[in-house]
Amino acid sequence: DTGITTKVKAKLAEEPSLKSGGIAVETLRGTVQLSGFIKTATEKSTAERVARGVSGITALRNDLIVMP
C-alpha cells in the first residue's frame with residue numbers, strides 16, 4: 001500500500017494543472033483515498049483521473065472538497 005501511495009503522490013505532483021500540495025493520499029488494501037481542499041471541480045476530476053492511472057489500485061475514494 002505504501003508503494004501505491006508513493007506512486008499516486010508522484011503522479012499528482014507531475015500533473016501541471018494540479019497544485020497537489022493540498023491533496024492527501026492514503027491507501028489501505030489497494031483502496032486509495034484522496035482528501036483535502038482544492039479550488040475547482042476540474043482539479044477534483046483531474047486528481048481522480050491521475051490517481052486511477054496508477055497500477056495496483058483496486059478502488060478509489062475521492063473525498064476532495066472544492067473550496068473556491
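Reply: Let us begin with a term: a salt bridge is a side-chain nitrogen of Lys or Arg within 4 Å of a carboxyl oxygen of Asp or Glu. The model is a predicted one, in which local features need pLDDT of at least 70 and side-chain atom pairs count only at pLDDT 80 or more, while totals for chains, interfaces and linings use all residues. Residues are numbered from 1 along each chain as its sequence is written, and side-chain values use heavy atoms, with hydrogens and water left out.

Me: What makes E15 and R49 a salt bridge?

Reply: The closest N and O atoms of E15 and R49 are 4.0 Å apart, and the definition asks for a nitrogen and a carboxyl oxygen within 4 Å, so the pair is counted as a salt bridge. E15 lies in the loop between α1 and β1 whereas R49 belongs to helix α2, so the pair ties together parts that are 34 residues apart in sequence. In these names, helices (H or I, at least four residues) and strands (E, at least two) are DSSP runs, numbered from the N terminus.

Me: Why is E15 called buried, and why is R49 called exposed?

Reply: Buried means under 20% relative accessible area, exposed means over 50%, and partly exposed is in between, with a 1.4 Å probe and protein chains only. E15 has 18% relative accessibility and therefore counts as buried, whereas R49, with a relative accessible area of 52%, is exposed.

Me: Which other residues form salt bridges with each other, R52 being one of them?

Reply: R52 pairs with E48, their closest N and O atoms being 3.0 Å apart, and both lie in helix α2, four residues apart, about one turn of the helix. R52, at 51% relative accessibility, counts as exposed, while E48, at 26%, counts as partly exposed. D63 forms a salt bridge with R61, where the closest N and O atoms are 2.9 Å apart; D63 is partly exposed at 27%, and R61 is partly exposed at 48%.

Me: What makes one face of α2 the buried one?

Reply: The buried residues of α2 are E43, T46, A47, V50 and A51. Seen down the axis of α2, these buried residues fall within an arc of 130°, so they line one face of the helix; the arc is that of the directions from the helix axis to the C-beta atoms. On the face turned away from the buried side are the exposed residues A41, T42, R49 and R52. The cover over the buried residues of α2 includes α1 (2-14), β1 (23-28), β2 (31-38) and β3 (59-66).

Me: Why is A59 called partly exposed, and which residues does A59 contact beyond its neighbours within four places in sequence?

Reply: A59, found in strand β3, has 31% relative accessibility and so counts as partly exposed. Leaving aside those sequence neighbours, A59 is in contact (heavy atoms within 4.5 Å) with G30, T31 and V32.
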